[in-house]
Amino acid sequence: MAIVKDGGISAPAILSRIEPLGCSSKVTTIRNYVKSIKPNIRPHAKATIRYESKPGAQIQLDWGLFGYDDHRGTRRNIAGLMVTMGYS
């Protein structure tokens, strides 16, 4: 079952393939088996680099377009800006 070890198929998909062959197992049994043969892979920790600044030394900003319907029902866009002080 190399496809199982590589993570390429789910327990319900396995069950749907083996039921026509006469298997009467439940999906929980298949899941437990798949867990037993899959390698235990731990997710990598997300690397985060903090940037500290003194009060008033920096800001972070982002902008985007926001859609709205005007009083006539016409769809329009308006630009929006978000500004955050780095020390706040």
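Strands E1 and E2 each supply at least two residues of a nonpolar patch. In this predicted model, local features need pLDDT of at least 70 and side-chain atom pairs count only at pLDDT 80 or more, while totals for chains, interfaces and linings use all residues. Residues are numbered from 1 along each chain as its sequence is written, and side-chain values use heavy atoms, with hydrogens and water left out.

The patch lies on the surface and consists of Ile 59, Leu 61, Trp 63, Leu 65, Leu 81, Val 83 and Met 85, with about 750 Å² of accessible area together. E1 gives the most to it, with four residues. Patches are made of residues with over 30% relative accessible area and no salt bridge; like charges are joined within 9 Å, and nonpolar side chains (Val, Leu, Ile, Met, Phe, Trp, Tyr) within 5 Å. Accessible areas come from the Shrake-Rupley method with a 1.4 Å probe, and for residues only the protein chains shown count as cover.

The two strands also pair with each other. E1 (residues 59–69) and E2 (residues 75–85) run antiparallel over eleven bridges; strands pair if DSSP finds at least two bridges between them. The bridge partner of Ile 59 in E2 is Met 85. Met 85 counts as partly exposed because its relative accessibility is 38%. Here buried means under 20% relative accessible area, exposed over 50%, and partly exposed in between (1.4 Å probe, protein chains only). Five residues separate E1 from E2 in this hairpin, and Gly 73 in the turn has a positive phi of about 90°.

The structure holds two salt bridges, a salt bridge being a side-chain nitrogen of Lys or Arg within 4 Å of a carboxyl oxygen of Asp or Glu. Side chains of opposite charge can pair when their charged atoms come close.

| Asp 69 | Arg 75 | 3.4 Å |

Arg 75 is exposed, with a relative accessible area of 56%. Asp 70 has a value of 13% and is therefore buried, whereas Arg 76, at 38%, is partly exposed.

As a whole, the protein has three helices and two strands, in the order α-α-α-β-β from the N terminus. Helices (H or I, at least four residues) and strands (E, at least two) are DSSP runs, numbered from the N terminus. Of the 88 residues, 12% count as buried. The protein exposes about 8000 Å², of which carbon and sulfur atoms supply 55%.

The largest nonpolar core has six residues: Ile 9, Ala 11, Ile 14, Leu 15, Ile 30 and Val 34. Helix H2 (11–18) and helix H3 are the elements that give two or more residues to this core, and H2 gives the most, with three. Such a core is a set of buried Ala, Val, Leu, Ile, Met, Phe, Trp, Tyr and Cys residues joined through side-chain atoms within 4.5 Å. Ile 30 touches Ala 11, Ile 14, Leu 15, Ile 18 and Ser 25, not counting residues up to four places away in sequence; contact means heavy atoms within 4.5 Å.

Ser 53 is in the loop between H3 (27–37) and E1. Ser 53 counts as buried because its relative accessibility is 13%. Leaving out residues up to four places away in sequence, Ser 53 touches Gln 58, Gly 86 and Tyr 87.
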